[in-house]
Amino acid sequence: MPVVGAELQVPVVTGGTVRYANLDYAASAPALESVEAHLAEVLPYYASVHRGAGYASQVSTAVLERARATVGRFVGARQGDVVVFTRNTTDALNLLAGCLPTWGDVVFLDAEHHANLLPWQRTAHRYVPVRASLESTLASLESALREQPAALVAITGASNVTGEELPIDRVVAIAHRHGARVVVDAAQLAPHRRIDLDATGVDYLAFSGHKLYAPYGTGVLVGRRDWLDRGTPYLAGGGAVRNVTLERTDWACAPQRHEGGTPNVLGAAALAAACDALAALPEAALEVHEAALRERLVHGLTELAGVQVHRIFDDAPSSIGVVTFTVDGYDPGLVAAYLSAEHGIGVRDGKFCAHPLLARLGLDDGAVRASVGVGSRTEDVDRLVAAVATLIDAGPSWAYANVDGRLQPSPDPRPLPAWATGAGTVGAAPCTPEPS
């Protein structure tokens, strides 16, 4: 499936250019070429939505509402479920946090991405520590719900750190058995696996376009209407209301209730196009493609002395195309900088917005994460393994220094494109946040 930038050439510090090996899909995936083409069709008709009498406005309204229906079909939404367009997964989960009932708390694992942890810290909450085995973790979750009922269980569909999947249907069965609803952070899962709300019983689902090959600033929250219709309107503004006086506001029902302001029509169109493209793939085709790349990558890395591939569970049944590793004697930031500067390979380093999980795994200095997707090639994986082997055998060939908290080549002769230069200093003054 062709992606934009598949043949991108990037400079390396040793001179010349190489084809960019993008192994950072888990952070932000490139756009599908079909998504880019669809936006080129839509863009001339871009206009206001819902209240515009002009033809372009009517087309834009149709595009937005068609996108809503398409996303719903993509995730197997039930009749009566609501599709709310947001900025991203973080935005969607914060929206849901404002719609929680007052009678119960939120339960989550300590393996969550911050997007599925920080919103719940603002309300009644508790967490279940992950165990070495998935089975014992599920047993701990059931025990926690048996001891004290909850309103909501918030889990990740697939770890953004290790790629390991949680058995969503089993989590739903546990939660529903004890009267709790389930929200799934599917930011990592949705680009890699088919999701069916109706079949699994998941109550709410959140994911991001920028991870689903539609990096145009849109995400979604899909789920049951009742909480969303009663919840605090997420953005107080035009489009979210039925009637307004100077004394009071009569709010609309969801989804409009939570979509105040002008919506991102182009982002919604892009997300819908990506959903259509992925849904058209043969059953399990993407899973087979990524599993082969992941297995090749894990095997190649574990064959190298001093490289450790990290996992959460001893018994996780399956994983998406995300692999996190460390190299003995090398700071993860240096490994990532070296791979980029000397080999033109893009990976992620740090704690991946999952600080509690990294601490639990003993990775206080962070790690390196490589991730694959529809545009990834065997050659990309082999280049990464070969580059890490060279690092272990000979070390980096360039000097690196800490620049604004990150290790970077010193000096760095790689020029930015002319249109990307000239960053200003507005807002660059250091801040000292107060402890929370």
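Where does P411 lie? Select P411 in this predicted model: the residue sits in the segment after β19 (406–409). Its peptide bond with S410 is cis, with omega of about 0°.

Next, select A254 and P255. A cis peptide bond joins these two as well, and here omega is about 10°. P255 belongs to the loop between β12 (249–251) and α9. Most residues other than glycine have a negative phi, and most peptide bonds are trans.

Now go to F352, in the loop between β16 (348–350) and α12 (355–360). F352 is not a glycine, yet its phi is positive, about 55°.

Over residues 22–384 the chain is 37% helix and 17% strand.

**Helices α2 and α9**

Two packed helices are described by the angle between their axes and the distance between the axes. Select α2 (residues 55–74) and α9 (residues 265–279): their axes are 8 Å apart and the angle is about 40°. Angles under 35 degrees count as roughly parallel, so α2 is oblique to α9. The crossing of α2 and α9 is left-handed.

Show the side chains between them. From α2, the contact includes V63, L64 and F74; from α9, it includes L271, C275 and L278. By class, the residues of this contact are 13 nonpolar, two polar and two charged.

**Helices α5 and α6**

Move to α5 (residues 134–147) and α6 (residues 168–177). How far apart are the axes of α5 and α6? They are 9 Å apart, and the packing angle is about 15°. That angle makes α5 roughly parallel to α6. Here α5 passes α6 in a right-handed crossing.

In this contact, E135, L138, L141, E142 and L145 of α5 meet R170, V171, I174, A175 and R177 of α6. Six of the contact residues are nonpolar, none polar and four charged.

Side chains of opposite charge can pair when their charged atoms come close. For an example, select R19 and E379, which form a salt bridge with their closest N and O atoms 3.5 Å apart. The pair links distant parts of the chain, 360 residues apart: R19 is in strand β2 (residues 17–19) and E379 in helix α13 (residues 378–394). How many salt bridges are counted in the model? The count comes to 24.

Conventions
Residues are numbered from 1 along each chain as its sequence is written. This is a predicted model: local features need pLDDT of at least 70, side-chain atom pairs count only at pLDDT 80 or more; totals for chains, interfaces and linings use all residues. Side-chain values use heavy atoms; hydrogens and water are left out. Helices (H or I, at least four residues) and strands (E, at least two) are DSSP runs, numbered from the N terminus. Axes are lines fitted to C-alpha atoms, for helices over the stretch in contact, and angles run from 0 to 180 degrees between N-to-C directions. Angles under 35 degrees count as roughly parallel, over 145 as roughly antiparallel, 65 to 115 as roughly perpendicular and the rest as oblique. A crossing is left-handed if the near helix is turned anticlockwise from the far one by less than a right angle, and right-handed if clockwise. Contact means heavy atoms within 4.5 Å. Ala, Val, Leu, Ile, Met, Phe, Trp, Tyr, Cys and Pro count as nonpolar, Asp, Glu, Lys and Arg as charged, and the others, Gly among them, as polar. A salt bridge is a side-chain nitrogen of Lys or Arg within 4 Å of a carboxyl oxygen of Asp or Glu.
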